[in-house]
Amino acid sequence: MYSLDQIPQTVFMPPPTQLARPPLENTHSRPRWQQELAQAIRRPELLLRALEIDNHDLFRHKPNFEMLVPQSYVARIRKSDPRDPLLLQVLPQHGETVLSSGYAADPVGDLAAMASPGLIHKYQGRVLLLLTGACAIHCRYCFRQHFPYSANVRRTRWDDWLATIRADSSIHEVIFSGGDPLNLDDARLAELALQLAEIPHLRTLRIHSRLPVVLPSRVTEELLSWLTGTRLRLVMVVHANHPQEIDGEVAGALRRIKAAGVLLLNQSVLLRAINDSPETLAALSYALFEADTLPYYLHLLDRVQGARHFEVPEDEALGLMQALRARLPGYLLPRLVKEQAGEQGKTPI
Ligand SMILES: *Cc1c(COP(=O)(O)O)cnc(C)c1O
Ligand code: SF4
């Protein structure tokens, strides 16, 4: 497992345009995406320096949830713009230190729904597996940022999960989640997919990952090969919030996933000052469509402690959806949902 603790401290990297691209296939060292992950920026002052922003008031506190941004994502952030919608998703800001009532450490009730460590069986027919606590980026609004991964993920036993799934024939879909499940290497993922495919009542394997958007080099031949090789129906739900996240390389990576026979969907979080306008959301839907990806969910923010400054209230969100419906064909309209602890599914708004 590739855990956060194993990633070395950041070395500042020049922008990708100044780097010679290593060959895609290099069997003698770690894959390129793992090298890029190891070189992700972890210090806000280095990020701001790379972006030519000198407002140091932006990051004066030390966050509990460390900053983490790979260079390929930094390359999509506009220089000298402290309001850039990608920068706001990753840069620790003062709002995080504000304690607000009604905002919790586990807003969606994941801990209560944990049947065995790392296995969440909250919704009928579908189980979610927390394969790792590690992500390739730390989204400041993340509802899992205070989640006790060390207790629930590090001591997981795949055998226990497989036994639970085998014993319950009502389960037809397994969701790889985390953290980010694609932080694991393909050999391990392929092995788990193989064991799951042997369970006769399982029909679908779903992967929830932000990696194809954050680090498109993660979409390797090895990944596409085990995706293509399983008998299970495949669904991948990626996570982009703003059209600027989908550059040519990301679009290419998404198209390759789709071409491997995967139903490819996107979920977004509605975020104040990042994507809270019908123009931005419509542009996101079209950028996804160009990349063979369909909008699935638009989530209202989960009320996680320290994320209040990102919240868009429900009535405003409904107004946005109305404006969006007027602009987009039905197949490009995401479903506005909210996750509520103890509910049988996501609650449509
Ligand atoms: C969102 C979620 C799912 C999947 O829900 P869908 O509506 O099928 O996308 C499953 N389990 C958990 C715990 C979830 O949060
Ligand atoms: S990639 Fe997903 S799980 Fe990881 S920090 Fe971002 S929102 Fe949270």
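The structure is a predicted model, in which local features need pLDDT of at least 70 and side-chain atom pairs count only at pLDDT 80 or more, while totals for chains, interfaces and linings use all residues. Residues are numbered from 1 along each chain as its sequence is written, and side-chain values use heavy atoms, with hydrogens and water left out.

On pLDDT (the predictor's confidence in each residue, from 0 to 100), the protein chain averages 88, and 87% of the residues score at least 70. Residues 1-22 are another story, with pLDDT staying under 50. Where pLDDT is low, the predicted coordinates should not be read in detail.

Back to Lys 346, which sits in the loop between β9 (335-338) and β10 (347-348); strands here are DSSP runs (E, at least two residues), numbered from the N terminus. Lys 346 is partly exposed, because its relative accessible area is 24% (buried means under 20%, exposed over 50%, partly exposed in between, with a 1.4 Å probe and protein chains only). Leaving aside neighbours within four places in sequence, Lys 346 is in contact (heavy atoms within 4.5 Å) with Tyr 123, Tyr 297, His 299, Val 337, Lys 338 and Glu 339. As for Leu 336, ten residues away along the chain, its C-alpha atom is separated from that of Lys 346 by 9.5 Å.

Note on methods. Chains are lettered from A and ligands numbered from 1 in the order in which they are written. Helices (H or I, at least four residues) and strands (E, at least two) are DSSP runs, numbered from the N terminus.
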